[in-house]
Amino acid sequence: MSEQSPLKSQKSHYSSSMLLKNAIAESRLFNDRVLIAWGLVICMIVLILIGRMFHLQVLSYDHFTTLSERNRLKILPIPPTRGLIYDRNGIVLAKNLPSYTLEIIPEKVTDLDALLLELQQQISISESDLKRFHRSRKRTRRFKRIPLRFRLTQREVARLSVRIHEFPGVEINATLSRYYPLGEIGGHALGYVGRINEQELKRLDVSDYSATQYIGKTGIERYYEDELHGTVGFQQVETNVRGRILRVMERQNPVPGKNLYLNMDINLQRFAERLLAGERGALVAIEPATGGVLALVSTPGYDPNLFVNGLDHKTYQQLRLSLDRPLFNRAIRGQYPPGSTIKPIVGLAGLEYGVRQAGTRTWCPGWYKLPKQSHKYRDWKRSGHGHVSFHQSVEQSCDVYFYDLAHDLGINRLSTFLQQFGLGHPTEIDISGELGGLIPTREWKERRYGTAWYPGETLIAGIGQGFVLATPVQLAVSTATLAMRGKARQPRLVFMTEDAEQKQMQPTTTKTLKEIQLKNPEYWDDAIGGMEAVVHGIRGTARRQGKDLSYHMAGKTGTAQVVKIAQDARYDADKLDKKYHDHALFVAFAPIEKPEIAIAVLVENGGSGSRTAAPIARQVIDYYLEEVSRNY
Amino acid sequence: MRVSWKVSPTLNLDIPLLLGLFTLSGISLAVLYSASGESMAILIKQSIRLGIGFFVMLLLAQVRSQQLMRWTPIFYVIGMAMLVAVLLVGTVGKGAQRWLDLGFMRFQPSEIMKVIVPLTIAWYFADKPLPPNYKRLGFALILILIPTLLIAKQPDLGTSLLIAASGIFVLLLAGIPWALVFGALLAGGGAVAAVTLTPLREYVFHPYQWRRIQTLLNPESDPLGSGYHIIQSKIAIGSGGLYGKGWLNGTQSHLEFLPERSTDFIFAVLSEEFGLMGVIALLMVYVFIITRGLYIATQAQGIFGKLVAGSITLTFFVYIFVNIGMVSGLLPVVGLPLPLISYGGTSIVSILSGFGILMGVHAHKRLLSE
């Protein structure tokens with residue numbers, strides 16, 4: 001086009017502008033319009049735009065900066081490590097083990113189906129594993145880890161680790177999960193942790209548990225949840241719009257939970273559990289001076305490890321529906337008639353209220369009748385005990401003495417006194433789910449049944465039957481209270497908590513129970529003397545346990561009726577089904593001079609306290625005094 | 001090569017305008033590198049497109065005004081034919097029928113109409129006395145309205161309004177009476193109000209267009225849907241502050257919160273990384289280019305050249321205003337790129353073509369004065 005003649009081009013241009021004389025006017029009109037467009041429109045609009053930017057970038061800067069940071073930064077919680085649990089010797093009872101999970105990042109996998117097939121040849125992957133994997137894959141971003149198999153065995157981890165480089169996008173990751181190395185031993189005391197359920201989620205501090213998967217469900221694990229859990233940590237991360245973490249900006253480490261040291265001696269616990277093995281029963285041993293729980297047994301037991309990662313429905317139903325009720329913690333939740341084990345305390349009430357003197361004798365013909373009534377309240381010994389004092393009544397476990405005494409005391413005085421020994425209300429032992437037993441009063445019966453209290457019911461209460469109920473831990477506490485002559489302490493499983501980072505030990509707070517002040521301190525000697533005779537006396541119901549004792553032991557047998565025996569009928573164990581046999585009980589403490597252990601033993605349907613329960617108590621006390629206590 | 005008076009020694013290129021356009025290209029590459037997540041591939045593609053654009057500009061700068069004028073009616077007819085073809089056999093993309101598939105490439109005829117419409121109106125007025133009488137004005141309006149409606153039908157409201165504006169700018173510069181201008185503005189405002197405030201809108205707007213208008217008024221009403229773009233864009237701009245977060249440090253763009261960050265919303269990336277200072281600097285470059293463009297228009301000989309140069313420059317400004325207004329939440333979201341900054345070939349080529357014509361007009365004038 002540049003080859004064209006400029007002259008020709010000009011000529012044609014001007015020939016096309018027909019009205020040449022108007023060109024100057026038109027040009028001026030045009031220039032005016034351009035000036036207006038530039039000055040009024042363009043400059044004004046540019047100023048408006050700058051004004052808008054000033055508004056956004058200067059006046060609203062803080063607002064938008066906040067929004068921008070909120071877009072970009074996410075707070076991710078880091079779970080704290082759960083505190084460990086040790087026995088009094090430092091043996092680990094509950095710890096955290098790495099649990100290995102096989103995870104896949106779909107983004108990094110080229111052929112997922114082929115990979116899954118290949119992995120299935122290496123380790124076992126069930127149909128339900130695959131189903132769960134595919135389900136969560138649909139809900140998850142492609143760059144996030146999706147678990148395929150939980151709880152890999154050591155062998156599987158080893159086998160996969162060797163070849164892991166062949167599988168891009170496959171990772172083996174470890175999380176901590178709870179492990180109870182001793183299994184069943186101490187299981188009822190320790191309890192267990194499990195995955196947090198929705199109910200628990202409602203009452204929890206949501207931020208503190210934001211990264212936590214497990215929570216204490218029963219036992220110490222539940223009671224000391226706050227100490228064991230620790231405090232959640234955080235990391236502030238920068239993420240992109242799809243939530244991929246790009247870098248960690250800031251990190252606040254979690255505070256691990258506190259370690260717990262128990263009063264429990266795991267060897268004593270194991271020993272006691274073996275003695276009760278095969279029975280349905282419970283045993284609680286307490287150090288009277290401190291309230292420290294040396295052993296807390298409930299048989300049958302279960303392996304708490306089963307519950308940590310959820311057990312299958314069938315196993316759970318087996319445990320739950322078993323007639324032996326292995327999940328039931330008899331030591332704190334089993335409420336049994338204490339039977340004769342409360343007789344020393346009932347006798348003490350007689351002395352304290354001045355209803356009896358220590359030497360006062362009662363005639364026992366083998367039965368007792370209320371005035372103007374024909375019903376005979378039987379003594380366990382049909383032929384009767386003859387003239388018996390408080391001391392002899394405890395030694396031989398005479399029922400008539402206590403029928404008569406309870407009648408004279410009346411139910412309310414009897415109840416008030418028994419309650420001082422920790423009966424009828426929870427002992428507040430540091431374990432969840434404890435029940436309070438029952439010490440009846442007139443008012444209670446009125447409230448509960450709407451009927452009046454009958455004098456006969458006072459008699460039955462006087463020998464620890466009828467309405468009276470107590471848990472094994474309550475019986476251990478009341479025995480410890482006797483041993484300490486009224487100066488008992490709250491039972492405590494946990495002895496010390498330890499700050500896991502600073503290794504500082506701190507004793508747990510224990511409450512001294514209200515001291516029982518008797519009018520005459522010698523009354524204690526009378527009650528304890530009677531209990532000593534139970535073991536060491538010629539007619540003591542547990543005299544067989546007194547043989548070859550290297551220390552002085554005070555005890556009391558008890559046999560609690562499960563079925564009511566008809567008037568004039570005899571209890572014949574051979575003719576009764578085992579589940580209707582009497583419960584066998586024995587409470588004891590030793591040495592009498594300086595009590596180191598107080599114990600309550602219960603064997604469900606064990607028959608007689610002296611034959612079944614007392615030998616267990618003796619062996620446990622022997623073991624403790626000879627093997628355990630010496631070492632402190 | 002022998003220098004002859006026929007050939008301009010500067011290849012008809014206007015040095016100040018060229019410097020302004022080069023500055024914009026530099027800004028574009030810098031911001032795009034950041035917006036694309038530091039992608040060299042995108043940078044190279046954009047450079048190639050800029051190269052093609054500048055080459056087309058260089059070619060068009062050599063075309064004489066009266067040659068252009070001679071071809072203009074033919075361009076108009078071909079353009080209209082293509083617009084009709086789009087409606088009949090066009091390719092559908094993003095809910096609109098805008099493209100012609102030519103086998104080797106997809107072509108958007110509405111883009112070239114942005115240049116053809118002002119050329120046509122200027123051509124129509126070139127041999128008629130100005131200011132135009134009402135009969136000629138009416139005819140010119142029809143010439144504008146037909147392509148506008150055809151494009152609006154695709155539907156592509158943004159482009160059709162822009163094309164209408166480019167034609168109307170010629171009318172304004174041709175000296176139509178102010179009374180008429182204000183009357184039209186009032187009538188237009190009334191029509192907009194009537195359409196948006198009454199059920200009439202159901203016949204006029206596509207649902208997505210109506211949603212964009214609502215989103216403008218209250219973006220928070222649908223933060224994850226249609227309001228998302230504008231919310232994230234305002235966050236990016238606002239959090240830039242006075243001096244910005246620094247080049248390559250914009251979190252909104254680098255963490256991909258900001259959608260369309262390389263194309264229509266690239267202004268938000270610039271605002272986030274360079275702050276108010278960067279925004280003002282960019283606007284100053286734009287104002288410089290526009291001022292130079294309008295100056296060229298005033299200096300042009302012949303009314304055709306004046307009208308074309310003025311209209312091209314003002315249309316360029318409308319692009320800037322609409323894009324920045326949209327990104328900063330002043331105007332509804334219409335798919336318009338930020339001229340010469342956004343990633344995308346068609347708009348670069350069409351805008352630089354306009355500047356090529358502009359420079360051709362200028363060169364013509366200088367030849368005369370020599």
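1. Residues are numbered from 1 along each chain as its sequence is written, chains are lettered from A and ligands numbered from 1 in the order in which they are written, and side-chain values use heavy atoms, with hydrogens and water left out.

2. Helix α17 of chain A spans residues 399–409 and helix α20 of chain A spans residues 455–462; their axes come within 8 Å and cross at roughly 130 degrees. Axes here are lines fitted to C-alpha atoms, for helices over the stretch in contact, and angles run from 0 to 180 degrees between N-to-C directions. Helices are DSSP runs of H or I with at least four residues, strands are runs of E with at least two, and both are numbered from the N terminus. α17(A) and α20(A) are therefore oblique to each other (under 35 degrees is roughly parallel, over 145 roughly antiparallel, 65 to 115 roughly perpendicular, and the rest oblique).

3. In that pair, A:Phe402, A:Tyr403, A:Ala406 and A:His407 of α17(A) meet A:Thr458, A:Leu459 and A:Gly462 of α20(A), contact meaning heavy atoms within 4.5 Å. These residues divide into four nonpolar, three polar and no charged. The classes are Ala, Val, Leu, Ile, Met, Phe, Trp, Tyr, Cys and Pro as nonpolar, Asp, Glu, Lys and Arg as charged, and the others, Gly among them, as polar.

4. Helix α15 (residues 343–352) of chain A is worth a look beside helix α22 (residues 522–536) of chain A: the angle is about 150 degrees and the axes are 10 Å apart. That makes α15(A) roughly antiparallel to α22(A), and their crossing is right-handed. On the α15(A) side are A:Pro344, A:Leu348, A:Leu351 and A:Glu352, which meet A:Tyr523, A:Trp524, A:Asp526, A:Ala527 and A:Met531 of α22(A). The contact has seven nonpolar, no polar and two charged residues.

5. α15(A) also packs with helix α18 (residues 411–419) of chain A, at about 115 degrees and with axes 10 Å apart. Here A:Ile345, A:Val346, A:Leu348, A:Ala349 and A:Glu352 of α15(A) touch A:Leu414, A:Phe417 and A:Leu418 of α18(A).

6. A cis peptide bond joins A:Thr299 and A:Pro300, with omega about -5 degrees, and A:Pro300 sits in the loop between β12 (292–299) and α12 (305–308). The bond from A:Ala590 to A:Pro591 is cis too, omega being near -15 degrees. A:Arg485 has a positive phi of about 50 degrees although it is not a glycine. Most residues other than glycine have a negative phi, and most peptide bonds are trans.

7. On confidence, the model scores ipTM 0.89 and pTM 0.68. Chain B averages a pLDDT of 84, and 89% of the residues score at least 70 (pLDDT is the predictor's confidence in each residue, from 0 to 100). Over residues 1–7 of chain B, pLDDT stays under 50. Where pLDDT is low, the predicted coordinates should not be read in detail.

How values were computed:
This is a predicted model: local features need pLDDT of at least 70, side-chain atom pairs count only at pLDDT 80 or more; totals for chains, interfaces and linings use all residues. A crossing is left-handed if the near helix is turned anticlockwise from the far one by less than a right angle, and right-handed if clockwise.
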